[in-house]
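Hi everyone, thanks for coming. I'd like to walk you through one chain today, so please have a look at the screen.

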Amino acid sequence: AENPRSFWTNQYGNLQNPAAHQQTMHEIVKDLGYAPDYLFAATSTCGTLMGCTDYVRLNKLKTKIIAVDAVGSIIFGTPIGTRKIPGHGAG
């Protein structure tokens with residue numbers, strides 16, 4: 001608010017967060033030359049997971065998406081604790 005040249009992406013509320021990661025999955029498939037069997041992605045806003053999953057579904061790929069959460073994150077109902085990787089999981 002103090003810097004007129006700044007921009008807040010609001011990754012938790014921005015619908016373009018998952019949409020941007022459809023491109024991420026496209027690049028993974030393009031660079032590998034094939035769809036991977038599995039994609040492991042860290043949880044947080046879950047934009048990466050949702051976008052990659054959307055791409056897999058839209059393109060009828062057989063890739064399995066695996067969400068990886070951090071110890072101390074509350075995303076899957078576990079007790080809150082200190083997370084050792086910033087931006088991984090949710091408090």
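Before I point at anything, one definition: I call a residue buried when its relative accessible area is under 20%, exposed when it is over 50%, and partly exposed in between, using a 1.4 Å probe and protein chains only. Helices (H or I, at least four residues) and strands (E, at least two) are DSSP runs, numbered from the N terminus.

A word on where this comes from. This is a predicted model, so local features need pLDDT of at least 70 and side-chain atom pairs count only at pLDDT 80 or more, while totals for chains, interfaces and linings use all residues. Residues are numbered from 1 along each chain as its sequence is written, and side-chain values use heavy atoms, with hydrogens and water left out.

Let's begin with the record. An unreviewed UniProt entry places the feature "domain: Tryptophan synthase beta chain-like PALP" at residues 2–80. UniProt positions are in the numbering used here, the feature names are shortened, and annotations may be inferred rather than shown by experiment. Over residues 2–80, the chain is 37% helix and 13% strand, and the end C-alpha atoms lie 32 Å apart.

Now, helix α1. It covers residues 16–32, and at 1.5 Å a residue its 17 residues should span 24 Å; the end C-alpha atoms are 25 Å apart, which agrees. The expected span here is 1.5 Å times one less than the number of residues.

Which residues of α1 are buried? They are N17, P18, M25 and V29. Looking down the axis of α1, these buried residues fall within an arc of 120°, so they line one face of the helix. That arc is taken from the directions from the helix axis to the C-beta atoms. As a reminder, an α-helix has 3.6 residues a turn, so residues three or four places apart point the same way. On the face of α1 turned away from the buried side, you'll find the exposed residues Q16, K30 and D31.

And what do the buried residues of α1 pack against? Their partners are β1 (38–42) and α2 (47–58), where contact means heavy atoms within 4.5 Å. Just after α1, G33 takes a positive phi of about 90°.

That brings us to the core. By a nonpolar core I mean a set of buried Ala, Val, Leu, Ile, Met, Phe, Trp, Tyr and Cys residues joined through side-chain atoms within 4.5 Å. The largest one has six residues: M25, V29, L39, C52, Y55 and V56. Helices α1 and α2 each supply at least two residues of this core, and α2 gives the most, with three. In soluble globular proteins, nonpolar side chains tend to be buried together. If you click on V56, you'll see that it touches M25, L61, T63 and I65, not counting residues up to four places away in sequence.

Most residues other than glycine have a negative phi. C46, in the loop between β1 and α2, has a positive phi of about 70° although it is not a glycine. At 21% relative accessibility, C46 counts as partly exposed. K60 is in the loop between α2 and β2, and its phi is positive too, at about 50°. K60 counts as exposed, with 74% relative accessibility.

Staying with the loop between β1 and α2, S44 lies there as well. S44 counts as buried at 17% relative accessibility. Leaving aside neighbours within four places in sequence, S44 is in contact with Y12, I75, G87 and G89. G87 sits in the segment after β2 and counts as exposed, at 54% relative accessibility. The C-alpha atoms of G87 and T45 are 8.8 Å apart, although the two residues are 42 apart in sequence.

Over in strand β2 we have A67, partly exposed with a relative accessible area of 38%. Its C-alpha atom is 6.0 Å from that of A42, 25 residues away along the chain.

Last stop: is S73 buried or exposed? S73, in the segment after β2 (64–68), is at 0% relative accessibility and so counts as buried. A polar contact of 2.8 Å joins the side chains of S73 and D69; that term means a pair of N or O atoms within 3.5 Å, where within protein one must be able to donate a hydrogen and the other to accept it, and residues adjacent in sequence count only if both atoms are side-chain atoms.
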